[in-house]
Amino acid sequence: MQIDDETTIHFWGPKSSNTQLKPSLILIHGFGPHGVWQWRPQITFFSNDFDLYIPSLVFFGRSTTKSSDRSEGFQATCVVKLLDKLGVEKCSVIGTSYGGFVAYHMAKMLPGKIEKVIIASSGVNMKKKDNDGLLERAKVEKIEDLLLPATASQLRRLISLSTHRRPPYLPDFLFNNFINVSLSLSLVLVIRPICTLPTLFMMCDEQFRK
């Protein structure tokens with residue numbers, strides 16, 4: 001659906017556009033997959049009790065924009081515009097990982113529209129010292145050097161920092177193939193600006209959290 005002159009949001013939602021018979025629930029995916037792929041195990045579970053709306057965030061799936069903004073606040077604005085276009089007046093939101101930041105901003109923007117918020121696996125309360133500590137453990141200077149691996153050794157380092165147990169050894173060609181496939185141009189357009197935002201994972205509105 002085209003939400004303005006610059007942006008189109010692809011989403012999965014109820015077949016009927018009539019008056020809502022069930023409460024609306026927005027499921028916001030994490031970094032990487034599009035909406036339905038992320039939430040497919042939960043769709044059957046929630047659909048009996050909720051009108052589900054599952055958008056793909058900008059530059060994930062088939063959602064696109066001409067805007068140069070790549071912030072999580074912009075993503076939240078796009079989802080809110082989509083809901084306005086669909087006539088959703090009240091809703092609850094679940095966001096996981098990167099989607100949790102988007103859900104946070106949606107609730108901050110529209111406290112009267114968002115009834116309940118569930119944020120899973122999102123470091124919305126992280127401080128700058130947490131980010132600095134991660135960079136020190138990873139032995140890199142910039143967060144994009146960690147989150148955007150360009151070589152097999154860099155990807156292996158990222159995995160080692162992301163897992164509780166050391167994963168089994170995998171040959172370099174598997175890692176290189178993953179890097180070549182996953183870091184397509186469309187992802188780089190959104191990943192690099194997001195990663196270079198100095199406040200992405202550490203600066204949240206203290207007053208809102210209280």
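Of the 210 residues in the chain, 40% are buried. The model is a predicted one. The chain exposes about 12,400 Å², and carbon and sulfur atoms supply 55% of that area. Its secondary structure comprises nine helices and seven strands. Counting contacts between residues at least 6 apart in sequence, 70% join residues at least 24 apart.

**The sheet**

Five strands form an open sheet with mixed pairing, in the order E2-E4-E3-E6-E7. Strand E2 (11-12) and strand E7 (114-120) are at the edges with a single partner strand each, so one side of each has no neighbour in the sheet. Helix H2 (residues 72-86) packs on this sheet and touches E2, E3, strand E4 (51-55) and E6. The direction of H2 makes about 140° with that of E4.

Within the sheet, strand E3 (residues 24-28) pairs with strand E6 (residues 91-96) in the parallel sense, over four bridges. Leu-27 has Ile-94 in E6 as its bridge partner. Helix H3 (residues 98-109) lies across E3, E6 and E7, and runs at about 150° to E6.

**Aromatic pairs**

How many aromatic pairs does a search of the whole structure find? The search finds five. Two of them involve Phe-31 and are set out below.

| Ring pair | Distance between centres | Angle between planes |
|---|---|---|
| Phe-31 and Phe-60 | 5.6 Å | 80° |
| Phe-31 and Tyr-98 | 6.0 Å | 85° |

Planes over 60 degrees apart count as edge-to-face. The planes of Phe-31 and Phe-60 are at 80°, so this pair is edge-to-face. Phe-31 lies in the loop between E3 and helix H1 (35-47), whereas Phe-60 lies in the loop between E4 and strand E5 (64-65), 29 residues apart. The pair of Phe-31 and Tyr-98 has its planes at 85° and is therefore edge-to-face. That pair also links distant parts of the chain, since Tyr-98 is in helix H3 and 67 residues apart from Phe-31.

Through these ring pairs, Phe-31, Phe-60 and Tyr-98 are linked into a cluster. Phe-31 is partly exposed, with a relative accessible area of 36%.

**A charge over a ring**

Another ring contact involves Trp-37 and Arg-40. The charged end of Arg-40 sits over the Trp-37 ring, 4.7 Å from the ring centre.

Conventions
Residues numbered from 1 in each chain as written. Predicted model: local features only at pLDDT ≥ 70, side-chain atom pairs only at ≥ 80, totals over all residues. Heavy atoms only, no water. Helix = DSSP H or I, 4+ residues; strand = E, 2+ residues; numbered from the N terminus. Buried < 20%, exposed > 50% of the residue type's maximum accessible area, 1.4 Å probe, protein only. Contact = heavy atoms within 4.5 Å. Areas by Shrake-Rupley, 256 points an atom, 1.4 Å probe, with all protein chains shown as cover. Pairing = 2+ DSSP bridges. Axes fitted to C-alpha atoms, helices over the stretch in contact; angles between N-to-C directions. Phe/Tyr/Trp six-rings, centres within 6.5 Å; stacked < 30°, edge-to-face > 60°. Lys NZ or Arg CZ within 6 Å of the ring centre and 35° of its normal.
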